[in-house]
Amino acid sequence: MSKIKLTFLLISLLILPALMYPQTSDTSIVNQNRMQWFRDAKLGIFIHWGIYSVAGIDESWSFFNDYITHYDYMKQLDGFDASSYKPDEWAELIKNSGAKYAVLTTKHHDGVALWKSDFGDLNVVNNTPAGKDLVAPFCKALRKNKIKVGLYYSLLDWSHPDYPNFTRNKKRYLDDSIRWERFTKFNLGQIGEISDIYNPDLVWFDGDWEQTDEMWRAKEIRNLLLEKNGNIIINSRLQGYGDYATPEQGLPVTKPQDDYWELCMTINDSWGYQPNDKNYKSIDQIINIFAQCLWMGGNLLLDIAPKADGTIPYEQQRVLKELGRWISKHETAIYKTNAGLPPGYFYGPSTISADSTIVYLFLPYKPNGQIMLKGINNDINRIWVVGNGTKLDYSIYLKPYWSDKPGLVFIDIPGSVLDENMTVVAVLLDGPLKPED
Ligand code: GLC
């Protein structure tokens, strides 16, 4: 073979696969595989646990906003004993709530690490009566229960002597590259530890708003995490280098454009334990919000707040148990489903089975006899009550033989089939859903 022919052959061999498997679609499939468990999980439990639970005040913000001095805030270190910390019980509660992942605050903005870090001295092992690593047993208990491990880490650290911001009104310095370099080393060091020691399935960053992506070295952080665990999932608070959006305390009104998202929400009005905060959402309100997330293709990350001794307040346990009852009864309509019908087809949230042949209708109200479904260009094979099995009667109107309109489906909902929180109805179609445009 001539040299030219050989070169041509070699070049073709190198280029052809690239043409056949364009990088973008390949990466997006890899990405989809990586994100699949997150998409299917639907419910996660957020855990804000730190020294702020000792006095029961706002996590970190209480000194940043000058409600208490940093000195007094740090006195809480002496009361954080974790004496009744039982991670196996936490994991069991989380599992029974129906959640498939949990996210623990390994370090909030106050800089107090829940593990013995070799970077910096401010951690619960060296500075509190707890005196031990609290993250490792948490990860172990979750894994034993097949719950994915998420670790929260605040990029900003208002206690670190080399971090520029201290409180709302006080800065340590304005521009000092040597100090910032030292802080960055510390930050990357701690993130490296989290990834090396615990190998989490998900890292939940926070506080990215105070610096740019270059300052944080966001790209480097992402690479560092992915290098250790190619399947790791990173939330959006990494200045553009995350995998999914995290609206906070604000349920989207319409379906977000993001492929993956998660609403993080407090169970009362506080992220951390505050015994004075009695404004708990009712189980009906939580299920309602959860169903809205499902409808719009997102997850709910519901926050709980253990006390300083590691016990989870009774009210919070109760909510998780009630949620667990409802989810386990309706699990076929929840896990592994996709976002539901666009608005207009049905009054209420809905989901669609992975193979798109079942539409699940959620009833956040007690219907007055019948519910109505519009715009479905399929024949219906059967309708039943999820988690109960009762076959439901239905009739189709406004579907004359000469019209190509799909008609209106009226489904009977007898009072006897209603769930105590929210009833869900399954509509089995003759094939994949064909909604009218
Ligand atoms: C906010 C707050 C923080 C809380 C977090 C949870 O960014 O800074 O206190 O931990 O939201 O999403």
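Which backbone nitrogen does the side chain of Asp-157 reach? I looked this up before anything else. The side chain of Asp-157 reaches the backbone nitrogen of Ser-159, at 3.0 Å.

**Ground rules.** I am working on a predicted model, where local features need pLDDT of at least 70, side-chain atom pairs count only at pLDDT 80 or more, and totals for chains, interfaces and linings use all residues. Residues are numbered from 1 along each chain as its sequence is written, and side-chain values use heavy atoms, with hydrogens and water left out.

**Entry: Asp-157.** I stayed with this residue. Asp-157 sits in the loop between strand 3 (148-154) and strand 4 (165-167). Here helices (H or I, at least four residues) and strands (E, at least two) are DSSP runs, numbered from the N terminus. I checked the accessibility and found Asp-157 buried, at 2% relative accessibility. My classes are buried under 20% relative accessible area, exposed over 50%, and partly exposed in between (1.4 Å probe, protein chains only). The side chain of Asp-157 also makes a polar contact with the side chain of Lys-107, at 2.9 Å. A polar contact is a pair of N or O atoms within 3.5 Å; within protein, one must be able to donate a hydrogen and the other to accept it, and residues adjacent in sequence count only if both atoms are side-chain atoms. I then listed what Asp-157 touches, not counting residues up to four places away in sequence: Lys-107, His-109, Asp-110, Gly-111, Tyr-163, Phe-183 and Phe-186. Contact means heavy atoms within 4.5 Å.

**Entry: Ser-62.** I looked up a residue in helix 4 (residues 61-64), namely Ser-62. Ser-62 counts as buried because its relative accessibility is 3%. Leaving aside neighbours within four places in sequence, I found Ser-62 in contact with Ile-57, Tyr-67, Ile-68 and Tyr-73.

**Entry: Glu-220.** I found Glu-220 in helix 11 (residues 218-228). Glu-220 is partly exposed, at 36% relative accessibility. I also took a C-alpha distance: Glu-220 and Tyr-241 are 21 residues apart along the chain, and their C-alpha atoms are separated by 9.6 Å.

**Entry: domains.** I read off two domains, domain 1 (34-329) and domain 2 (339-429). The bounds come from an automatic or database domain assignment. Their centres, taken over C-alpha atoms, are separated by 38 Å. At the interface, 14 residues of domain 1 are in contact with 17 residues of domain 2. I noted about 1,300 Å² of buried area between the domains, with carbon and sulfur atoms giving 57%. Buried area is the accessible area (1.4 Å probe) that two parts lose on being put together, summed over both. In domain 1, Trp-295, Trp-326 and Lys-329 lose the most area to domain 2, together 51% of what that side buries.

**Entry: what crosses the interface.** I counted seven residue pairs in polar contact between domain 1 and domain 2, both residues at pLDDT 80 or more. Helix 12 (283-295) and helix 13 (314-329) each supply at least two residues of the domain 1 side. The largest share of that side, eight residues, comes from helix 12. I also find three salt bridges across the interface. A salt bridge is a side-chain nitrogen of Lys or Arg within 4 Å of a carboxyl oxygen of Asp or Glu.

**Entry: salt bridges.** I get 16 salt bridges in the structure. One of them joins Arg-217 and Glu-181, with the closest N and O atoms 2.8 Å apart. This pair links distant parts of the chain, 36 residues apart: Arg-217 in the loop between helix 10 (213-216) and helix 11, Glu-181 in helix 9 (residues 177-198). I have Arg-217 as partly exposed at 27%, and Glu-181 as partly exposed at 41%.

I moved on to Arg-325. Its side chain meets that of Asp-419 in a salt bridge at 3.0 Å, N to O. Arg-325 also meets Glu-420, at 4.0 Å, N to O. Arg-325 lies in helix 13 and Glu-420 in the loop between strand 16 (408-412) and strand 17 (423-429), so this pair ties together parts 95 residues apart in sequence. Arg-325 is partly exposed at 29%, whereas Glu-420 is exposed at 61%.

My last pair was Lys-405 and Glu-436, whose side chains meet at 2.7 Å, N to O. Lys-405 lies in the loop between strand 15 (394-397) and strand 16, and Glu-436 in the segment after strand 17, so the pair ties together parts 31 residues apart in sequence.
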